Amino acid sequence: MAAAGPSGPVMSREEVDRALARLSSEYEAIESSLLALQDHAGRRLLEGAELTGETKERWATAEPAIPLLWAHFDAYGTALDTARELRGRRRWPSPGDLAELTDLLRGSGVTVSGGALPDLARPLTGPARLSEQISLEQLVERMNGWYQQVIEVVSASDAVWSALPARIDLLSAEAQRVRSLARSVGVTPGEHPAGDDLERLLTDLAALRAEVVADPLAFWLPPRGRPANGRPDTSRYERAERELEDIRREVEAVLHVRDDAEDRLLRLRDVLSRADRTLAEARAARGEVLAKIAASEVPAVNGPAAVLREQLAAAAEHHRAARWHLLSPLLDDLEQRADEELDRARASLTAVTAPLAVRAELRGRLDAYKAKAARHRVAEDPLLVERYDQARRLLWSAPCDLRAAEHAVRRYQQAVTEVLVPGGQGGPSDRGGETR
């Protein structure tokens, strides 16, 4: 059994060889990671940026670990070279060699300097010391902690810088294009709400880019407990993207107004003209109803809407002056109100002419039943002739009493029905029916 020393049992030759192989692999992995960190774009950007906020604080803590990593890596390499040299002296190392190798590979045989550490690095190593003795295992554990601290800041910052500034620049360029288009149709600040929104959006995008560049970690969303697997926070960018889309639709709507304004104005004039003609027809019909229909309540007919005519004149002036941003909402409102005005005129005409329609319906019904009586050769029945003449006098007299006429038509209709009852052989006079 091998004797025990300060570092525990003395390692055997095979254990030494396995430990050296493992430490050599670790050395190569650490070297590869440190070189990748040295060339990392995020580290170079952090070193050259004017940082603020959370990123400034975390980088101020993490950056001093980089030279410490290299210093400890050099100490690790020196210890590993010493162990290799000692092992290479003899094929079969002596007990003294094995004891020395055990102390070097397992014990606190590595000397690291602490006297030149920056103040910000003290939290990484503890109180200031000129040097300390640690084991290779402790050395690797310490380097892993520092590396993780640095790579989290570097990787997160690089991910945010890769994801956001270029996209913000593209969105700003698109916003500038929309602004040029908006100005061509008069959508400008102070003149149109979309112009104000666009200027505010451009200001917000510039501020957002400056914040992202100066403090990328403020836009990093690490999952709880796993910061390395986080993602950039793009919510403000996406909100700005949606706002620009809304503004673009508003500007395009104004553009459509410019392209369609003349046709829409022509249609508006036509609709209002039809409404005026319909109202004039309703007024004329009202006079006819009052003259021809007795005891009928005929609604009054309003005149044309003067306000709509004034607004139509204002819209035409906006069209001549190319004030598309003012014409757009005015046309939308005018089109709706003009259609409502035409519907109102038609409803007024229908309401006014309702008594005439009732009279026409009664006349048609009377003639229809007379024709029916004629087909059955009973039209000359004295009672039918009397009742037909009475209804006709009421319907074709002026003014016409609609209630009396409707009653007379109904009596004639009833008489015709009674004459045509199946099995009936005699006329109404044979059954002693009414003559009045």
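1. The largest pocket is lined by M11, E15, A19, R22, L23, E26, L105, R106, S135, L136, E137 and V140, in what is a predicted model. A pocket here is an open set of points on a 1 Å grid over the protein atoms alone, where a 1.4 Å probe fits, with protein on both sides within 12 Å along at least five of seven lines, and lining residues have an atom within 4 Å of a point. Its volume is about 220 Å³, taken as the space filled by probe spheres set on the points.

2. Helices α1 (13-39), α5 (95-106) and α7 (136-163) each supply at least two residues of that lining, and α1 gives the most, with five. Helices are DSSP runs of H or I with at least four residues, and strands are runs of E with at least two. The lining divides into six nonpolar, one polar and five charged residues.

3. Helix α10 (residues 235-292) deserves a separate remark, since a straight helix of 58 residues would span 86 Å at 1.5 Å a residue, whereas α10 spans only 74 Å between its end C-alpha atoms. The expected span is 1.5 Å times one less than the number of residues. At D260, α10 bends by about 65°, the angle being that between axes fitted to the seven residues ending there and the seven starting there.

4. The unreviewed UniProt entry annotates residues 13-40 and 237-278 as "coiled-coil region", and such annotations may be inferred rather than shown by experiment. In the model, residues 13-40 are 96% helix and 0% strand, with end C-alpha atoms 40 Å apart.

5. The count of salt bridges comes to 25, each requiring a side-chain nitrogen of Lys or Arg within 4 Å of a carboxyl oxygen of Asp or Glu. E152 and R58 form a salt bridge at 3.8 Å, N to O; this pair links helix α7 to helix α3 (residues 53-62) across 94 residues of the chain.

6. A cis peptide bond with omega of about -5° joins A398 and P399, and P399 is in the loop between α14 (382-395) and β8 (400-401). R377, in the loop between α13 (354-375) and α14, has a positive phi near 60° although R377 is not glycine.

7. Residues are numbered from 1 along each chain as its sequence is written, and side-chain values use heavy atoms, leaving out hydrogens and water. Local features need pLDDT of at least 70 and side-chain atom pairs count only at pLDDT 80 or more, while totals for chains, interfaces and linings use all residues.

Methods: Ala, Val, Leu, Ile, Met, Phe, Trp, Tyr, Cys and Pro count as nonpolar, Asp, Glu, Lys and Arg as charged, and the others, Gly among them, as polar.
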